[in-house]
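Let us walk through this model together, one neighbourhood at a time. Keep the sequence and the 3D view open side by side as you read.

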Amino acid sequence: MAFIDEIKIYAEAGRGGDGVVRFRREKFVPKGGPSGGDAGRGGDFYVKAVRDVNILSRYKVKKSFIAGRGEDGGNKSLHGKNGVDFVLELPIGSVITNLETDQKSQLTKEGEKIMLLEGGYGGYGNEHFKSSTNTTPYEAKEGKEGSKGNFKIELELFADIGLVGLPNAGKTSLLNSLTNARALVGDYDFTTLDPNLGDFYGYIIADIPGIIEGASEGKGLGVKFLRHIKRTKMLAHLVSFENANMLKSYKEIRKELAKYDNKLGLDKDGLPAQAGLSSKQEIIILTKTDVMENPKIITKAVKAFEKLGRKVFTISLFDDKMVKKFKNDLSKILKKS
Ligand SMILES: Nc1nc2c(ncn2[C@@H]2O[C@H](COP(=O)(O)OP(=O)(O)OP(=O)(O)O)[C@@H](O)[C@H]2O)c(=O)[nH]1
Ligand SMILES: [Mg+2]
């Protein structure tokens with residue numbers, strides 16, 4: 001099943017019930033006064049954050065949601081019941097945009113609930129209109145429609161580490177070896193078409209599709225997936241020893257990250273609208289050391305990358321010792337971050 005990270009829905013809060021016109025007709029109340037009860041309110045429409053990144057796929061078929069209608073008022077001053085609220089469960093990190101008003105909200109914590117649409121008021125029953133001058137009112141009010149709207153829901157994953165790099169750098173392979181993930185790996189570019197997630201001792205690692213030069217202009221799979229690492233605390237940038245010029249490959253990706261940041265724009269104070277990808281903490285992982293026969297070249301590459309002021313690691317997934325050491329180092333870094 002494909003990973004879904006963007007959907008559109010139509011939602012409606014409940015309509016309020018109608019107030020009613022009734023008069024008391026009881027044995028010992030000879031002059032029965034008005035007794036039409038008020039109606040119930042329509043149910044509100046909420047979204048609620050759950051820890052399930054795949055839940056959006058549920059809303060691929062059913063895209064329209066309506067909260068419960070308020071109950072009409074009743075005889076004997078009976079107040080109608082309020083309509084049942086509708087609560088739409090969305091993954092943590094969902095950004096919800098009202099397509100009519102452009103108002104945005106985001107679910108950031110598990111269990112967080114946001115009201116998007118308010119139910120309509122219930123109408124008053126005729127008892128409500130009783131006064132000294134009008135003891136037998138025939139007036140009652142209809143319920144109000146609930147508010148309604150079309151919404152776009154986009155998912156931004158909240159991971160602890162985002163893996164970035166050129167296609168074939170070994171991102172998915174690394175994710176699989178560090179975590180419980182069993183994602184598809186291939187010796188060709190763009191094996192990963194949708195983000196993969198894995199759990200590393202309680203930290204979430206996000207593997208996204210490879211980025212290439214020009215991604216910010218839509219080349220390759222473009223930068224659509226970069227929004228998934230916008231919320232991650234840290235980036236792990238993978239560069240494979242198979243690249244003829246590793247530093248150049250690294251810089252290409254950094255350039256695309258910066259371009260993506262620029263596209264996010266500046267706020268009214270001229271500051272980046274949100275902390276960009278390029279300003280995130282980054283570690284560098286030089287992958288596939290096993291393809292190099294000369295260890296000196298590896299040492300040289302590490303030194304060159306260290307000049308960038310980042311922590312640099314080397315790894316070959318064929319070397320269990322290296323993998324074990326890297327796991328240790330990574331968990332220390334994550335605990336500190
Ligand atoms: N020799 C060697 N090959 C590796 C190593 N790690 C991964 N590979 C191979 O590199 C190829 C690409 O691996 P992936 O994990 O799919 O690479 P990716 O970065 O996720 O690629 P995209 O999803 O296309 O962006 C696969 O054939 C892997 O088996 C390694 O440590 N050494
Ligand atoms: Mg991959």
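This is a predicted model: local features need pLDDT of at least 70, side-chain atom pairs count only at pLDDT 80 or more; totals for chains, interfaces and linings use all residues.

Residues are numbered from 1 along each chain as its sequence is written, chains are lettered from A and ligands numbered from 1 in the order in which they are written, and side-chain values use heavy atoms, with hydrogens and water left out.

Glu 142 forms a salt bridge with Arg 15, the closest N and O atoms being 3.9 Å apart. Because Glu 142 lies in the loop between strand S7 (113-117) and strand S8 (148-155), and Arg 15 in the loop between S1 and S2, the pair ties together parts that are 127 residues apart in sequence. A salt bridge here is a side-chain nitrogen of Lys or Arg within 4 Å of a carboxyl oxygen of Asp or Glu, while helices (H or I, at least four residues) and strands (E, at least two) are DSSP runs, numbered from the N terminus. Glu 142 and Arg 15 also belong to a network of salt bridges that links them with Asp 18, Arg 69, Asp 72, Glu 145 and Lys 148. Within it, Glu 145 and Lys 148 meet through their side chains at 3.2 Å, N to O; Lys 148 counts as partly exposed, at 39% relative accessibility.

By this rule the count comes to 21 salt bridges. Another of them joins Arg 227 to Asp 5, with the closest N and O atoms 3.4 Å apart. This pair links distant parts of the chain, 222 residues apart: Arg 227 is in the loop between strand S11 (203-207) and strand S12 (234-240), and Asp 5 is in the segment before S1. Both Arg 227 and Asp 5 are buried.

What about a buried charge without such a partner? Asp 38, in the loop between strand S1 (6-12) and strand S2 (45-50), is buried yet has no salt bridge, and the nearest side chain of opposite charge, Lys 141, is 11 Å away. In that count Lys and Arg are positive and Asp and Glu negative, with His and the chain ends not counted. The side chain of Asp 38 does make a polar contact with the side chain of His 128, at 3.2 Å. A polar contact is a pair of N or O atoms within 3.5 Å; within protein, one must be able to donate a hydrogen and the other to accept it, and residues adjacent in sequence count only if both atoms are side-chain atoms.

Now turn to helix H1 (residues 171-178), where six of the eight residues are buried, so the helix is largely enclosed by the rest of the structure. An oxygen atom of ligand 1 is 2.8 Å from an N or O atom in the side chain of Lys 171, and an oxygen atom of the ligand is 2.8 Å from one in the side chain of Thr 172.

Note on methods. Buried means under 20% relative accessible area, exposed over 50%, partly exposed in between (1.4 Å probe, protein chains only).
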